[in-house]
Amino acid sequence: MLSILALSPLLASLAFAHPREETKICKDYVLPVTITSGAYVWGLPTLDTDYDVTTFTANLSRWDANVTFHPISGFSPQVTASYKIAGTFCAPAKGNSKTVLLASHGLGFDRTYWSPSIQPEKYSFVDFAISKGYSVLFYDRLGVSKSSVVSGYVNQVSIQVAILEQLIDQIRAGTFSSKPKNVVLIGHSFGSVISNAILVSKPGLVDGAVLTGISYKVPDTSVAFEAWQPRLARAQSPGRWRQLDGGYTTWVDIFANANVFFKYPFYDRKVVEYSEATKQPFALMEVITLAITDLHSPKYTGPVLVISGENDLVFCNGDCAPIIKAPAVERFNATKNLEVYVQPGSGHAINYSLNATGAYGVITNFLAANRL
């Protein structure tokens, strides 16, 4: 009988002769964009301490804030600026895809929301989409991680929408691969808002949209913001965010993270810890302009999937099932291919829920059913 020691070289040679097949090819990019957009003007004093942030939170959260709180002082119709956007393009190793998914993350995350390093077989949307034959461009939104830094008093929905338009154009032009037949927007939370805004302003620009972590009739818009207990990002983590001005905040601690983005018992604590370790700050003007962005899409006729977690605190105050469908139908009254789905056992961060791949299956099945 051969000993284990004698077999070891043989096993090693077999492993070398049959390396694990790579399923995807990924490349990182830094993409220059020059955009022109309208921009709201910050109308409050700057925030210099966490006391200022608590005052801002209290004023924003009043039931009559639409009358008593005035964070915007004006509107500039045309503002031109240039930025650099960091992104990653992944494609199946076996060849090009006919459809490219353009994924925009929400507040508090960066592009790794779509491709986390923790247990990717359970949580990576990119890997799941690649296994179904799709290519994915996912990127750090402006002000986040490796993309350009801009003031939190400036960074807002209209600028992010203009950047997203540029990324769509670059995909169509064949910057990342051969020119695809279809481009589909995939969003989460704030990323769904800017994706939806594209369907309003440029309804013919894309072939489909999947909007996750969103609903259109939030019972109380202040619940999540108060639950975050925001703090100045630069004060909470000077080593990471010293360069940011007082217009950027983040939630107070890991328990605020768990409260807002997750739902017990449908998460792994190690994933919550990973989410906290990789969290990103968000701009206050993003929050303010999100609330006043019109998402009615009367001219968009393509397929749309609206999908939120059953227990989404941010957009449904903890119970999406009874409130998500009717407002979505109203927003997309021109499309015959609207699907509204509530993912059971999930909080706001669908990609970090234990059954994330179940949601991914709903998404890719929807795309396949619509020949995308």
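Analyst: A residue counts as buried when its relative accessible area is under 20%, as exposed when over 50%, and as partly exposed in between, using a 1.4 Å probe on protein chains only. This is a predicted model, where local features need pLDDT of at least 70 and side-chain atom pairs count only at pLDDT 80 or more, while totals for chains, interfaces and linings use all residues. Residues are numbered from 1 along each chain as its sequence is written, and side-chain values use heavy atoms, with hydrogens and water left out.

User: Which residues of helix α2 are buried?

Analyst: First, what a helix is here: helices (H or I, at least four residues) and strands (E, at least two) are DSSP runs, numbered from the N terminus. Helix α2 covers residues 50-60, and its buried residues are V53, F56 and T57. Seen down the axis, they fall within an arc of 100°, so they line one face of α2. That arc is taken from the directions that run from the helix axis to the C-beta atoms.

User: What do the buried residues of α2 pack against?

Analyst: Contact means heavy atoms within 4.5 Å. The buried residues of α2 pack against β1 (24-42), α8 (222-228), β7 (231-232), β8 (248-250) and α13 (284-290).

User: Which cysteines form a disulfide with sulfur atoms 1.9 Å apart?

Analyst: C316 and C320 do. Their link is right-handed, with 85° about the S-S bond. C316 is buried, with a relative accessible area of 3%, and C320 is buried at 0%. With the bonded cysteines numbered in sequence order, the pairing is 1-2, 3-4.

User: How are two packed helices described?

Analyst: They are described by the angle between their axes and the distance between the axes. Axes are lines fitted to C-alpha atoms, for helices over the stretch in contact, and angles run from 0 to 180 degrees between N-to-C directions. The axes of α6 and helix α7 (residues 190-201) come within 9 Å and cross at roughly 70°. The two helices are therefore roughly perpendicular. The classes are: under 35 degrees roughly parallel, over 145 roughly antiparallel, 65 to 115 roughly perpendicular, and the rest oblique.

User: Is N257 buried or exposed?

Analyst: N257, in helix α11 (residues 254-261), is buried at 0% relative accessibility. Its side chain makes a polar contact of 3.0 Å with that of E276. Not counting residues up to four places away in sequence, N257 touches W251, F262, V272, S275 and E276.

Note on methods: A disulfide is a pair of cysteine sulfur atoms within 2.5 Å. A polar contact is a pair of N or O atoms within 3.5 Å; within protein, one must be able to donate a hydrogen and the other to accept it, and residues adjacent in sequence count only if both atoms are side-chain atoms.
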